[in-house]
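Subject: Structure for you to look at

Hello,

Here is the structure I promised to pass on. Please open it and keep it beside you as you read my notes.

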Amino acid sequence: MRWTQTLVPTLKESPAEAEILSHKLLLRAGLIRRLAGGVYTFLPLGLRALRKVEQIVREEMDRAGAIEVLMPALQPVEIWQQSGRYRTAAEVLYKLRDRAHKDWVLGPTHEEVITLLVAAEVNSYRQLPKNFYQIQVKFRDEIRPRFGLMRAREFIMKDAYSFDVSDAAAQISYQKMYDAYARIFARCGLKTFAVEADTGVIGGSFSHEFMVPAETGENEVVYCDGCGYAANIERAESAVGRSPAGAAVNPSAETPQPEKFPTPGVVTIEALAAPPYSVAAARQIKTLVYLVESKPVIVLLRGDDQLNEAKFASRLGTGTFRPATAEEIFEWMGAHPGSLGAVTTTRRRADIPVWADTRLRGERDMTTGANEDGFHLRHVDVARDIRVDQWADLRTVQTGEPCARCSQPLKTRRAIEVGHVFKLGTKYSEALGAEFLDESGARHPCVMGCYGIGVTRTLQAVIEQSNDKDGIIWPMSVAPYQVCLTPLNVAPQSAAMQLAERLYAELTAAGVEVILDDRDERPGVKFKDADLVGFPLRVNLGEKSLARGEVEIKPRTGAAMSVKQDEALARVVALVRDGLAALGNAPRG
């Protein structure tokens, strides 16, 4: 490709809309342009890089035995109602109505569609296992799209779905996809690590996320250097969270009956911990009220803990909940936030279910709100004084807490999620009728798994992980072009341009992807643009080096090297193939 015949609108400055470095570089290098919040057009070079990521994904899916299909983005609302996700995933669904007043959704994912397909086409154990995948545009109604392609309303995703006859067989399919993901990200030049993850509204028994370490990542990961444990903060557990911690005061003695005492103006954990009350946060019970699918729920945690809403949603089985307003809380509890509690004798309504974090189990001599503004209760014994309907791990793990597996201190880091594998079980196959007959003729639901890769997000993650002050540093496998030929004199009869034309034809014939910078620009402009876009190799053709019978090969990182003109072709081809091989990519050509 010739630079003048394509569109590479590089920018000197970062647009105001860009929030993180990779987003800035996507825009400055002329790879994408914003149409609206969370909606982007891919320009020629961005599309080339995207297609390369897609091809790596496709090759590894095929290698793992998955079968490519293409499913509709437009889906009837009834199948989402049948699975139950029309309610639980309502907040992310784009909903629309046609001229006949029929309701539809734009697919954020395709569990329902593929399960119905299998229900119609598969009926015997002899037809299993099967794993179907697609690479397709998805739509999610993000509250706050940001960070470019990281959190977009429209994005490209690879989603795959496995169907097996048993849990043991499903585990084999899961491992195949897990291993394929490791190969995909390695071939894209990404350094990733896998962590245990929450299954969210998709559901299932367990899952893993593939993370790219990055300070700008939206995900917080908890990990242990001692045993290798790693989990998303939404899933992470510690030894603290599994058993009561912060032993009660004088646990061998009987706790006195709850005693109300005045606390005028005290409405925070910190205020109660300060003099004259001096009740440590660890000795307080934090009382929260949520509205879960239009019904109130009380949530209790220790005063020094924070509610992990993802854990709460997972235990509830729905993402449709929100903190109650002060007005709603006063109506149900008889007091305002800051004076709330769940002690049975002080509650206005006994029918509101109480969820409690497991760290509170067995705690005594605690302090909580009295459900009367300006008053608290001391000497609260959780087992004696509070009727807990549901115990669950609801708290957010904190750095330094002991690992639940080896007791070493836990650490945290920021990361970008690029892939997610789920073991779904029979949630969708039972709801949508994907069943098979076994050898004896008995009918069973298929055991499912689902596996997603954010293709557009992966592209941006490569940039976020691989850049410097001059621009992008593309791995050879996903670079828009592997080589940028840069003649410094573009006059058709110049020695530089004639050699550039010859190298362009020879490299292309050898299977090397080349862009010829035929712009009549100053050398500095060409060099800066090439570094900004991030081509792995730049071949400079200047009059001085040509006079010596040489050309200059400049890797994107590393020192320039001068080689004889007749050796340039072989050297460039070797560098390209070595770069591909280092990432586990078979060279083409």
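Helix α10 (residues 326-333) lies across β14, β15 and β16. Its direction is about 105° to β14. Lying across implies contact, meaning heavy atoms within 4.5 Å. Axes are lines fitted to C-alpha atoms, for helices over the stretch in contact, and angles run from 0 to 180 degrees between N-to-C directions. Helices (H or I, at least four residues) and strands (E, at least two) are DSSP runs, numbered from the N terminus.

This is a predicted model, where local features need pLDDT of at least 70, side-chain atom pairs count only at pLDDT 80 or more, and totals for chains, interfaces and linings use all residues. Residues are numbered from 1 along each chain as its sequence is written, and side-chain values use heavy atoms, with hydrogens and water left out.

Helix α9 (residues 309-316) also has strands under it: β14, β15 (295-302), β16, β17 (354-357) and β20. Helix α9 runs at about 140° to β16.

Those strands form an open sheet of five, in the order β16-β14-β15-β17-β20, with mixed pairing. Two strands pair if DSSP finds at least two bridges between them. β16 (321-323) and β20 (390-392) each have a single partner strand, so one side of each has no neighbour in the sheet. On average, neighbouring strands are turned by 30° against each other, direction ignored. β14 (residues 285-292) pairs with β16 over three bridges, in the antiparallel sense. Tyr-290 stands opposite Pro-323 in β16.

There is also an open sheet of three strands, ordered β4-β6-β5, with antiparallel pairing. Its edge strands are β4 (74-76) and β5 (94-97). The twist averages 40° from one strand to the next. Three bridges join β4 to β6 (residues 103-106). Gln-75 faces Val-105 in β6.

Now for a helix pair. How do α2 and α13 lie relative to each other? The axes of α2 (residues 44-63) and α13 (residues 455-465) come within 9 Å and cross at roughly 110°. They are therefore roughly perpendicular, a label for angles of 65 to 115 degrees. Gly-46, Ala-49, Leu-50, Val-53 and Glu-54 of α2 meet Val-455, Thr-456, Thr-458 and Leu-459 of α13.

Last, the domains, whose bounds come from an automatic or database domain assignment. Domain 1 covers 43-71 + 110-237 + 412-464, domain 2 covers 259-392 and domain 3 covers 481-582. The centres of domain 1 and domain 3, taken over C-alpha atoms, are 39 Å apart.

Best wishes

Terms used. Angles under 35 degrees count as roughly parallel, over 145 as roughly antiparallel, 65 to 115 as roughly perpendicular and the rest as oblique.
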